[in-house]
Amino acid sequence: MKRIVLAGALLVLAAVPLWVGGPYYVNISSQILLYAIFALGVNVLAGYAGLVSLGHAGLFGVAAYAGARIMNDGHGHVVVIAGALVLTLLAAAVFAVLALGGTGLGFVMITVALGQIVWGVAYRWISLTNGDNGIAIRGRPSPLGLSLTSPASFYWATLIVFLLAVASMAVFVASPFGASLRGTRDQPRRMNALGYHVWMIRFLALLFSGFWSGVAGLLYLYYNQFVSPQAVALTASAEALLMVIAGGTATLLGPIAGAALVVIVRNVASAHIERWNFVLGAIFVVIVVFMPEGLVPGTVRRWRRAMAAMRPRATAAG
């Protein structure tokens with residue numbers, strides 16, 4: 001049954017450009033996928049490591065800005081992608097060394113500071129980032145000779161990257177390393193006593209998280225063909241964290257559902273509702289009150305409760 005559901009979901013996702021109706025909604029679908037990758041990266045820390053980061057937009061932006069600068073220096077897309085991801089991993093390593101010195105609220109505040117440093121560089125170092133005017137790029141890559149200029153082709157390319165991200169997250173969660181990371185979240189002192197290097201486990205998790213945040217940043221750059229300081233602002237980090245919390249931390253589907261919710265409200269509902277931020281906030285409040293574990297786990301819990309309540313009635317009727 002799970003395989004049938006998975007195959008059906010893949011078919012629906014692959015056919016989105018055929019049934020969603022119009023390039024605008026295809027572009028919205030691409031946004032959902034790229035922000036879902038970003039949210040999955042944030043979920044590695046917030047969900048599985050128990051480390052709440054409010055600076056991940058900095059890593060997201062490092063990839064986007066690095067890719068834009070490398071491309072505008074005349075390099076091809078292979079060099080752009082490789083260079084941007086390497087620089088993002090280096091930035092993630094710096095983030096980890098500085099932020100893992102604190103835990104709990106201390107970790108949160110350090111990541112906020114690091115994210116703000118990246119935002120300050122993007123906003124003020126005009127010779128490098130062009131300041132508030134941002135950096136535009138000249139085009140999208142053409143893997144295997146296939147052009148990604150149309151909304152549908154870019155969506156399918158983003159879908160492939162998204163599926164790779166989900167698959168890597170599934171392997172990560174099921175791996176011994178994933179189990180050890182959850183152990184550092186639940187019982188760090190006991191993990192130390194058992195001989196695990198808690199700091200190194202968290203360091204590697206932050207690199208893994210930073211890598212997928214960088215991938216999302218590159219997709220953002222290619223989607224918009226432009227990057228500005230808005231991409232690395234504190235609100236971008238908070239939005240990604242809200243995607244994870246709203247959908248359900250430490251789950252694979254939760255960040256995806258949260259990303260879909262935020263992107264749809266921001267891009268679709270905002271066209272019809274002036275105070276769309278209020279609507280989004282109200283939705284988050286409802287989720288927290290009625291499904292504190294998140295949208296996906298809460299829906300599953302309520303579904304199981306409803307099915308369990310129906311079973312005695314079905315038995316009695318029989």
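**The pocket and its helices**

Modeller: Helix 1 supplies the largest share of the lining of the largest pocket, with eight residues. This is a predicted model: local features need pLDDT of at least 70, side-chain atom pairs count only at pLDDT 80 or more, and totals for chains, interfaces and linings use all residues. Residues are numbered from 1 along each chain as its sequence is written, and side-chain values use heavy atoms, with hydrogens and water left out.

Some terms. Helices (H or I, at least four residues) and strands (E, at least two) are DSSP runs, numbered from the N terminus. The pocket search uses a 1 Å grid over the protein atoms alone. A cavity is a set of points where a 1.4 Å probe fits but cannot get out; a pocket is an open set with protein on both sides within 12 Å along at least five of seven lines. Lining residues have an atom within 4 Å of a point. Grid points are joined across faces, edges and corners, and a volume is the space filled by probe spheres set on the points.

The largest pocket has a volume of about 1100 Å³. It is lined by 32 residues, and Ala9, Leu13, Phe162, Leu253 and Ile256 are the closest to its centre. Elements giving two or more residues to this lining are helix 1 (2-14), helix 2 (16-19), helix 3, helix 8 (151-174), helix 13 and helix 15 (295-317).

Take helix 3 next. Helix 3 covers residues 23-49 and holds Ser29. Ser29 counts as buried because its relative accessibility is 13% (buried means under 20% relative accessible area, exposed over 50%, partly exposed in between; 1.4 Å probe, protein chains only). Beyond its neighbours within four places in sequence, Ser29 is in contact (heavy atoms within 4.5 Å) with Val16, Val20 and Tyr155.

Helix 3 also matters for the core count. The largest nonpolar core has 86 residues, and Tyr35, Leu181, Leu206 and Val227 have the most contacts inside it. Helix 3 gives the most to this core, with 17 residues. Such a core is a set of buried Ala, Val, Leu, Ile, Met, Phe, Trp, Tyr and Cys residues joined through side-chain atoms within 4.5 Å. In soluble globular proteins, nonpolar side chains tend to be buried together.

Now Tyr35. Leaving out neighbours within four places in sequence, Tyr35 contacts Tyr220, Met243, Ala259, Val263 and Arg266. Arg266 lies over the face of Tyr35, 4.9 Å from the ring centre. The test is NZ of Lys or CZ of Arg within 6 Å of the ring centre and within 35 degrees of the ring normal.

Last, helix 13. Helix 13 spans residues 253-267 and includes Ile264. Ile264 counts as partly exposed because its relative accessibility is 39%. Not counting residues up to four places away in sequence, Ile264 touches Ile32 and Ala269. Ile264 and Leu280 are 16 residues apart along the chain, with 9.9 Å between their C-alpha atoms.
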